[in-house]
Amino acid sequence: MPDPSATVVPPVTDLPADERRLRRPEVRPSTSTEPQGRPTAGAVLGVERLSFYYGSFRAIRDITMDVEGHQITAVIGPSGCGKSTFIRCLNRMNELTPGTHVEGRIHYHGQDLYGPDVDPIEVRRRIGMVFQKPNPFPKSIYDNVAFGPRVNGMKPASMDDLVEESLQKAALWDEVKDKLKKSGLSLSGGQQQRLCIARCIAVRPEVILMDEPCSALDPLATNRIEELMIELKRDYTIVIVTHNMQQAARVSDRTAFFTAEVTKDGQERTGVLVELDRTERIFTTPADRRTEDYITGRFG
Ligand SMILES: Nc1ncnc2c1ncn2[C@@H]1O[C@H](COP(=O)(O)OP(=O)(O)O)[C@@H](O)[C@H]1O
Ligand SMILES: [Mg+2]
């Protein structure tokens with residue numbers, strides 16, 4: 001179990017006053033007794049009995065699990081089981097869809113992520129997101145990376161240094177350092193995805209959510225992103241949704257297997273967490289038959 005004090009959060013004094021609100025140094029263990037997710041003390045995010053509704057349709061039900069710091073947590077499961085819905089709950093991205101609501105709780109370092117005094121924009125800065133299709137802005141490479149710091153009102157000592165540092169961390173600097181003024185859209189798909197990772201990193205998040213970040217990429221570019229993810233977990237906590245089980249097995253420390261269950265009335269399918277465990281265990285000796293059927297290709 002990781003040491004909770006090892007969680008890297010900048011000291012309070014380094015943060016402007018409006019950021020201190022969201023910062024709670026104590027790490028509170030999840031109080032949930034739900035069996036699937038195994039609450040742990042060092043969690044960065046603690047999800048408790050989370051359900052998410054599109055209108056009256058409950059897309060995911062009673063998800064309880066923790067996300068541990070400096071680990072890669074993979075979310076796998078068949079199409080439509082609610083993986084994207086779930087990951088978008090972790091940074092309040094879902095609430096941008098009208099007519100939706102959440103039930104249950106998500107704690108971020110013990111603080112209620114959906115609490116009334118929490119600013120969702122600040123949440124999305126701390127907990128960034130990279131999407132399936134690389135989506136650089138139609139701006140220069142430099143401006144793509146500087147965009148987040150600018151709109152967030154960050155005043156780095158040197159924007160040039162922040163841009164370079166972010167591109168370095170995203171393993172893209174060497175490929176673009178001589179063409180920072182060129183459009184982000186001029187890059188290859190794999191480079192564009194690393195640019196999006198650099199853009200995400202530039203606002204100094206703690207958690208990076210990735211929803212199938214490699215599904216639009218060729219195997220070489222995929223490999224590059226997988227290597228990068230493993231480097232990034234030194235500095236960040238990563239949650240990745242992937243439909244590629246080999247990818248989950250290669251990169252993640254823990255894996256959550258979701259599936260879609262037919263509701264009692266037989267009318268709808270709703271996503272549930274079947275089990276979460278060390279990745280090695282999920283792929284060798286899963287506890288639940290449904291996981292075994294999925295990973296051996298009997299279903300899904
Ligand atoms: N914006 C939306 N409005 C209504 N239903 C949605 C919306 N997005 C997803 N859903 C539904 O929620 C369920 C889960 O979808 P999703 O989270 O995208 O699954 P996955 O990422 O595992 O494929 C599906 O039944 C899907 O049709
Ligand atoms: Mg999805």
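In the largest nonpolar core, which has 73 residues, the members that touch the most others are Leu45, Val75, Ala198, Ile208, Leu209, Ile238 and Val239. Such a core is a set of buried Ala, Val, Leu, Ile, Met, Phe, Trp, Tyr and Cys residues joined through C-beta atoms within 7 Å. A residue is buried if 20 or more other C-beta atoms lie within 10 Å of its own, with C-beta atoms placed from the backbone. The model is predicted: local features need pLDDT of at least 70, side-chain atom pairs count only at pLDDT 80 or more, and totals for chains, interfaces and linings use all residues. Residues are numbered from 1 along each chain as its sequence is written, while chains are lettered from A and ligands numbered from 1 in the order in which they are written.

Beyond its neighbours within four places in sequence, Val75 is in contact (C-beta atoms, placed from the backbone, within 7 Å) with Lys83, Phe86, Ile87, Val239, Val241, Ala256 and Phe258.

The chain contains 11 helices and 10 strands, taken as DSSP runs (helices H or I, at least four residues; strands E, at least two) numbered from the N terminus. Of its 300 residues, 44% are buried.

In helix 7 (residues 189–201), 12 of the 13 residues are buried, so this helix is largely enclosed by the rest of the structure. Among the buried residues are Arg194, Ala198 and Arg199. The buried residues of helix 7 pack against elements including strand 6 (127–130), helix 4 (141–151) and helix 8 (219–232).

Definitions and conventions
Contact = placed C-beta atoms within 7 Å.
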